Amino acid sequence: MKLFRRAKTLKTDSAMTLAQASVGCSVRISSLKEGACERLRSMGFCESMEVKKLTNGRNMLCTVCGTKLALNKKLADQILVCPV
């Protein structure tokens with residue numbers, strides 16, 4: 001039982017990119033890298049926001065604040081997220 005708790009804790013504490021997150025998974029943005037993400041911040045796509053990834057591929061679809069947003073893989077690789 002203790003091992004299961006530790007594995008679960010490690011999973012929720014680990015950061016990954018939005019591109020690495022699984023489809024259907026809800027994640028929280030921990031940080032945005034690079035200058036291209038400044039445009040996302042101006043649209044409300046910023047740290048501590050909850051995002052749900054809807055599709056995967058070269059262009060992925062996600063929802064943030066009830067709005068669907070398409071991101072290319074290069075941009076999604078610059079967004080660090082943690083599982084909710």
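Student: Where does S48 lie?
Tutor: S48 lies in the loop between α2 and β3. Helices here are DSSP runs of H or I with at least four residues, strands are DSSP runs of E with at least two, and both are numbered from the N terminus.

Student: Before we go on, what kind of model is this?
Tutor: This is a predicted model: local features need pLDDT of at least 70, side-chain atom pairs count only at pLDDT 80 or more, and totals for chains, interfaces and linings use all residues. Residues are numbered from 1 along each chain as its sequence is written, and side-chain values use heavy atoms, leaving out hydrogens and water.

Student: OK, back to S48. Buried or exposed?
Tutor: S48 is exposed, because its relative accessible area is 52%. The cut-offs are under 20% for buried and over 50% for exposed, with partly exposed in between (1.4 Å probe, protein chains only).

Student: What about phi of S48?
Tutor: Phi of S48 is near 70°, a positive value in a residue other than glycine.

Student: And M49, where is that?
Tutor: M49 is also in the loop between α2 and β3, with β3 covering 50–53. M49 counts as partly exposed because its relative accessibility is 21%.

Student: Which residues does M49 touch?
Tutor: Leaving out residues up to four places away in sequence, M49 touches V27, R28, I29, G44, V64 and C65. A contact means heavy atoms within 4.5 Å. M49 and R28 are 21 residues apart in sequence, yet their C-alphas are 5.6 Å apart.

Student: You mentioned C65. Where does that one lie?
Tutor: C65 lies in the loop between β4 and β5. Those two strands form a hairpin with 2 residues between them, and C65 in the turn has a positive phi of about 55°. C65 counts as exposed because its relative accessible area is 57%.

Student: How many bridges do β4 and β5 share?
Tutor: They pair in the antiparallel sense over 6 bridges. Pairing requires DSSP to find at least two bridges between the strands. One of the bridge partners is N72 in β5, for N59.

Student: Which face of β4 is covered?
Tutor: The covered face has M60, C62 and V64, while N59, L61 and T63 make up the uncovered one. In a regular strand, side chains alternate between the two faces of the sheet.

Student: Zooming out, in what order do the strands sit in the sheet?
Tutor: The 6 strands form an open sheet in the order β1-β6-β2-β3-β4-β5, with antiparallel pairing. The edge strands are β1 (16–17) and β5, each pairing on one side only.

Student: Now the inside. Which residues touch the most other members in the largest nonpolar core?
Tutor: L18, L40, F45, V51, L71 and I79 do, out of 19 residues in that core. β2 (26–32), α2 (37–42), β4 (59–64), β5 (67–72), α3 (73–76) and β6 (79–83) each supply at least two residues of this core. A nonpolar core is a set of buried Ala, Val, Leu, Ile, Met, Phe, Trp, Tyr and Cys residues joined through side-chain atoms within 4.5 Å.

Student: What does V51 touch?
Tutor: V51 touches L18, C25, S26, V27, I29, F45, C62, T63 and V64, again not counting residues up to four places away in sequence.

Student: How much of the chain counts as buried?
Tutor: 29% of the 84 residues. Among contacts between residues at least 6 apart in sequence, 60% join residues at least 24 apart.

Student: Last topic: where is confidence lowest?
Tutor: Confidence is lowest in helix α1 (residues 2–13), with a mean of 43, and highest in β3, at 96. Residues 1–10 have pLDDT below 50, and beyond near neighbours in sequence this stretch has 0 contacts in the model. pLDDT is the predictor's confidence in each residue, from 0 to 100. The chain averages 82, and 83% of the residues score at least 70.
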